[in-house]
Amino acid sequence: MPAFRLAVEQGADAIELDVRLTADRVPVVLHDARLDRTTGRRALVRELGLTALSEFDAGAMFTSDRGRTHPFRGAGIRIPTLQEVIRAFPELCFLVELKEVDAQGPVRQVLLEEQATDRCVLASEHHAALEVFRHPPFAVAASGREIGLLYRATLLRRVPDSVSYQTLSVPERHRGLRIPTRRFVAAARRLGCPVHVWTINDPGSARRLWQDGATGIVTNHPDRMRA
């Protein structure tokens, strides 16, 4: 949550976050399946209920000086639920990355209950994780499989006339290949799909992507992009 608040202070237009399920099927905001890298405690998210998970120190392992200091350790930072994040930022848009196929049902329920469908785009590397979001009022980003299909189609100059997603969130490179080429971005724009590129922390790279037609930049440093 401190990182999200800082992003807003630095001028971020939206927040990208990752979602996993607890043992009692509550969507929580965490990238890793394991908890050791961020909390220092060995456990899997899916093995713990929300009550047990709330006892973990989400700021325990953060360091910006290679371990000399841990400024957030013991500060009371916890792993938030998706519902808590959406409520904390009522005016903000979100790119919600589903890390697990099973998360789609609980995530759908949260977005409907919070009336947040109009400010969230759902994304996942797992094509099956987006099935319940393929129809209004939801908007989805292309899955990893769909990104690959469009990339190959642009190489062969056989871009489809329509697609089942509304946007693309792509890495700058994958297995050594540059994904958001000018041809790729142009094809996406013809399909009516904006392209957001992650994770870009160099302003020069961001500028080149804007010039190539990218619509959004996912970054760890919104202040640098604004400057």
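1. Starting with the cysteines: the sulfur of Cys-93 sits 7.7 Å from the closest cysteine sulfur, the one in Cys-120, which is too far for a bond. Looked at from the other end, Cys-120 has Cys-93 as its closest partner, again at 7.7 Å and too far for a bond. The search of the whole structure accordingly comes back with 0 disulfides (a disulfide being a pair of cysteine sulfur atoms within 2.5 Å). The cut-offs here: buried is under 20% relative accessible area, exposed is over 50%, and partly exposed is in between, with a 1.4 Å probe and protein chains only.

2. A word on the model before going on. It is predicted, so local features need pLDDT of at least 70 and side-chain atom pairs count only at pLDDT 80 or more, whereas totals for chains, interfaces and linings use all residues. Residues are numbered from 1 along each chain as its sequence is written, and side-chain values use heavy atoms, with hydrogens and water left out.

3. Now the sheet. It is open and has 5 strands, in the order β2-β1-β3-β4-β5, with mixed pairing. At the edges are β2 (27–29) and β5 (139–140), each of which pairs on one side only. Strands (E, at least two residues) and helices (H or I, at least four) are DSSP runs numbered from the N terminus, and two strands count as paired if DSSP finds at least two bridges between them.

4. Going through the pairings: β1 (residues 14–21) runs parallel to β3 (residues 93–98) over 6 bridges, with Ala-14 opposite Cys-93. On the β2 side, β1 pairs in the antiparallel sense over 3 bridges, and Leu-21 stands opposite Pro-27. The hairpin of β1 and β2 has 5 residues between the strands, and Arg-25 takes a positive phi near 65° there. β4 (residues 120–123) and β5 are parallel over 2 bridges, with Leu-122 facing Val-140.

5. Leu-17 deserves a look of its own. Leaving aside neighbours within four places in sequence, Leu-17 is in contact (heavy atoms within 4.5 Å) with Phe-4, Val-29, Leu-82, Val-85, Phe-94, Leu-95, Val-96 and Glu-97.

6. On to the aromatics: the whole-structure search gives 4 aromatic pairs. In one of them, Phe-4 and Phe-89 have ring centres 6.5 Å apart and planes at 80°, so the pair is edge-to-face. That pair links distant parts of the chain, 85 residues apart: Phe-4 is in helix α1 (residues 2–9) and Phe-89 in the loop between α4 (82–88) and β3. Both Phe-4 and Phe-89 are buried. Tyr-151 and Phe-184 have ring centres 6.3 Å apart and planes at 45°, so this pair is tilted. Here Tyr-151 in α6 and Phe-184 in α7 are 33 residues apart, and both are buried. The rule used: rings of Phe, Tyr and Trp (its six-membered ring) pair if their centres lie within 6.5 Å; planes under 30 degrees apart count as stacked, over 60 as edge-to-face and the rest as tilted.

7. Helix α6 (residues 144–155) checks out on length: its 12 residues at 1.5 Å each should span 16 Å, and the end C-alpha atoms are 17 Å apart, which agrees. The expected span is 1.5 Å times one less than the number of residues. Buried residues in α6 are Glu-146, Ile-147, Gly-148, Leu-150, Tyr-151, Ala-153 and Thr-154, and their cover includes β6 (168–171), β8 (177–178) and α7 (182–190). Just after α6, Arg-157 takes a positive phi of about 55°.

8. Finally, Val-170, found in β6, is buried with a relative accessible area of 0%. Beyond its neighbours within four places in sequence, Val-170 is in contact with Ile-147, Ile-179, Pro-180, Phe-184, Val-195, His-196, Val-197 and Trp-198.
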